[in-house]
Amino acid sequence: MSATLLGQSILSGIFAGSLYALIGLGMSLSWRYLRVINLAHFAFVFFAAYLTYEFAGVRGVNPFVVALALVPLFFLLGVLQQVLILRFSINEFSSIIVTYGLAIVAEAVIQLIWSADFVRYENRAMHGNLALGTLLFPVADLVMAGIAIGLCFAVWAALHFTWLGKALRAGLDNPQIAASFGVPNQRLLLLVAGSAGALAAVGGFFVAVLYTLAPSQIFSWLGVVFAAVLLGGLGNPIGLVAASLLIGISEAITMAVTAPSWAPVVPFTILILLLVLWPERV
Amino acid sequence: MQGRNFADATRRSMLIAGFGLTLAVGALAPATAQQPSGPPIRIGGTLALTGPLAQTGAIHKIVGDLFVEQLNKKGGLLGRPVEWVLLDDQSKPDVTRTLYERLITVDKVDLIIGPYATASILSAMAVAQRYNKILVHSTFGIPKLATYERQFPGWPLGFEPEKGMPTAALDALNSTGKGPKSIAIVTSKFPSVQFVAAGAREVAKSRGLKEALYLEFEFGTRDFGPIAARVREADADFLFMGAIGLEGNQLLEALEKLNYKPRNHFYVYPTPGPMASSPLGDGALSNTAFENLPPLNASPSAAAFAKGFNEAAAKAGLPYTEPETQAGASWSAWEILTGAVAATKSLDDKVLTEWLKKNGADTIIGHISFNGPNNYGPDLMRIKQVQKGKWVIIWPKDIATPGYSPQAK
C-alpha cells in the first residue's frame, strides 16, 4: 500500500468523521440537556437536505441563501417539537418511539413530495479540489469538515464560557436551585431544542451537497452517529469530534488495508471495547 | 450472447414478438369499445412501496397501474374486469411472505404476480409453491435459486447471468479493438450482484485479463473515498462494478474527488437516471432488457407502452421517466400472465403453467421461452452505454441503437 493511498484514505476518514460529528452534535445536545433521544433529528437532516435540493438545485436560489434561510426555519421546528414533547410529558425512553414515529412520518411526507426516486443537487459552488503534494482535498468536504469541527468547538465554548452555557449546566444539575438564581430553565431548554434543529439544517445542507438523496436513506447514518455520540459523551462536543474522527479514520483505514466490507464493524467494535474497558465513560 | 447468428436470431425474435404481441393485444381486445362485465379477476401482489427498495418499487407500481388500466379499457380479461390487489411489502422479504399468504388464503385472489427484488420474489415463490400457484415475476436476479416449477421469469437474463453479463461486456469492448488487458472488480455484497461479480472474476481469468483489484463492500456503504483510492491505485483498463442502485454513482463521485476517471466501466444494476444524467457517467456500460429505443420500441405495443410509461412516470414525479429494464421486465411479467389466461381462457394454475412451458410468451422484450433450467430460456439481455448523456444499446451489434456502437478507451 502506497503512502498516497493511506494518506488519501485517512483524509476521507476525516471528512466522513466530520459529517458524523455535524449530524451527531444536535442529537448529543438533545440527549444530554433535554433528555430526548431524538431519532427525528435524522429526519430533520434529510428534510433540510431535500429543501436544499428543491430551492438551490431545482429553483436556482443561491445555495448560501438557502442555507441561511434553513437555519432559523429548523430552529423553529426544533422548538415546536420540544413544545410538543413537553406538552405530552414524554420521557427519555418514550422519546425514542415518539421521535422514531415522527421520522417515519417525515419519510412518508418526503416521498410524497419528491417521490421515492433518487434526486441529486448538482452543486457547482463548492466543486473541485485542492492539491497538496499527492493528496487531494475536495472543496465541499473541506468546507463541511471546517464548519462541523468549528461548530463543535463553538458549542463547547458556549457551554463553558458563556452565562447561557453555565446556566444550562446548572439547570441540568439542579433546576430548582438554578431557577432561584434566575435561570429560565424552560426557555433554555427550548433554546437547546432550537439549536439542535438549526444544527440539523446545517447537516442537511451538506448532506445535499455531498450525497444523492432518497427518502429511505434517512437512517443511513443512525448506527454510526449513535456510536459517535455515545463514545464522545453526551453533550460533549469535543468528545464527539474526537469519537467521530476516530470512527471515520478507523473505517477508512480498514477499507484501505483490508476488505471494505469489514468497515461497518469498526464503530461498534470500538463502542463495545469502550463499554467493556471504560464503562463509566458511556 | 455473442455473434451474428445470435444477433440475427435476436432481431428476428424481436420482430416476431412484436408482430405476435400486436396480434395478442388484438386478441385481448376483440371489441375495444366493449366494457368488461361480471366479477373482477383479482390479481394479487406486493411491491416495495416503502423502504430501501421503494425507488424501484415505484416503477413497478406505475407499470402495473398502467397495464391494468389499458387491459380494462381493451375489454379486460375473459370479458371480465381485472383488479390488481396491491399491498406494500415495505421492501422486507418476511413481510412479503406474510402478505402473499394473506392474498391467497384471506383475500382469495384468482392469480398472483411477483413482487420486486430477488429476496422478496424468493419469499413469494415459497408461498406460491405451498399453494401450487403460478408465479410470474419480473426481476429475479439469481436464476439458480428459482427451482419452483410454476415460476416464470419476465426478465430473460438467461440461466447464468454471472457468465453472460461479463462476457457480453468484454465482447462489446473487444469489438472496438481496444479490449482491456486488466480489470478491477469492485462489488457490493448485495446477493444478486455479488455472484455476478464473482462470475466476472472467472470470465476475466479465462480470457487472460490481469486482475488488478477485487474488493467487496457492504450494501449501504456511504463513504466510497478509500475504495476510490484503491481503484485509482490499481488503475485497471476496465472497472467492473457489482453495483446496485446508486453505488456506481457514489464510486464515480468519490473517484472524481481524486481526479480519476475509469477508462472503461460497467455497472451490473445501476439506477439508470442518475448514471445517464451525471457527467461522470459518460461511457458507463450496463445491461438492459428494454429501452425506449429502436429496434426495441419498434412494435406498436412497445411504443405505446413507452409513451404511456413516460407520461405516468412524469405524473408520478419521477425524475427519470424513460422505461428501461425494470419497467420493461415488469410489463413483460404482466403480458406473460394475462397472455396465458387469454390464450387458455382459464385461471387454473396448472393449465396456465403447462401452456407457458409449451408456448413461451410474446412480450415487448421479445419472445421469452421457458425451456431451459428453472424455466429460464435464452439470454435476451443487451449491453447499453451512456453516450452523449443518454443510454443507448451498443451490443449485440445488430440490435444496437442505429448510429451507435461500443466506445472504449
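The model is predicted: local features need pLDDT of at least 70, side-chain atom pairs count only at pLDDT 80 or more, and totals for chains, interfaces and linings use all residues. Residues are numbered from 1 along each chain as written, chains are lettered from A and ligands numbered from 1 in the order written, and side-chain values use heavy atoms, without hydrogens and water.

**Exercise 1. Find how α1(A) and α5(A) are placed against each other.**

Step 1. Locate the helices. α1 of chain A covers residues 3-34, and α5 of chain A covers residues 139-161. Helices (H or I, at least four residues) and strands (E, at least two) are DSSP runs, numbered from the N terminus.

Step 2. Take the angle. The two helices pack at about 30°, with axes 8 Å apart. Axes are lines fitted to C-alpha atoms, for helices over the stretch in contact, and angles run from 0 to 180 degrees between N-to-C directions.

Step 3. Classify. α1(A) and α5(A) are therefore roughly parallel to each other. Angles under 35 degrees count as roughly parallel, over 145 as roughly antiparallel, 65 to 115 as roughly perpendicular and the rest as oblique.

Step 4. α1(A) passes α5(A) in a left-handed crossing. Left-handed means that the near helix is turned anticlockwise from the far one by less than a right angle; clockwise is right-handed.

**Exercise 2. Do the task again for α5(B) and α6(B).**

Step 1. Here α5 of chain B is residues 161-174 and α6 of chain B is residues 191-206. Their axes come within 8 Å and cross at roughly 55°.

Step 2. α5(B) and α6(B) are therefore oblique to each other. Their crossing is right-handed.

Step 3. List the contact (heavy atoms within 4.5 Å). Among the residues of α5(B) are B:Met165 and B:Leu170, and α6(B) brings B:Phe195 and B:Val203, among others.

**Exercise 3. Describe the open sheet of chain B.**

Step 1. Order the strands. Seven strands run β7-β6-β8-β9-β10-β13-β14, with mixed pairing. Two strands pair if DSSP finds at least two bridges between them.

Step 2. Find the edges. β7 (210-217) and β14 (390-395) of chain B each pair on one side only.

Step 3. Zoom in. β13 (residues 382-387) of chain B pairs with β14(B) in the antiparallel sense over five bridges. B:Lys384 stands opposite B:Ile393 in β14(B).
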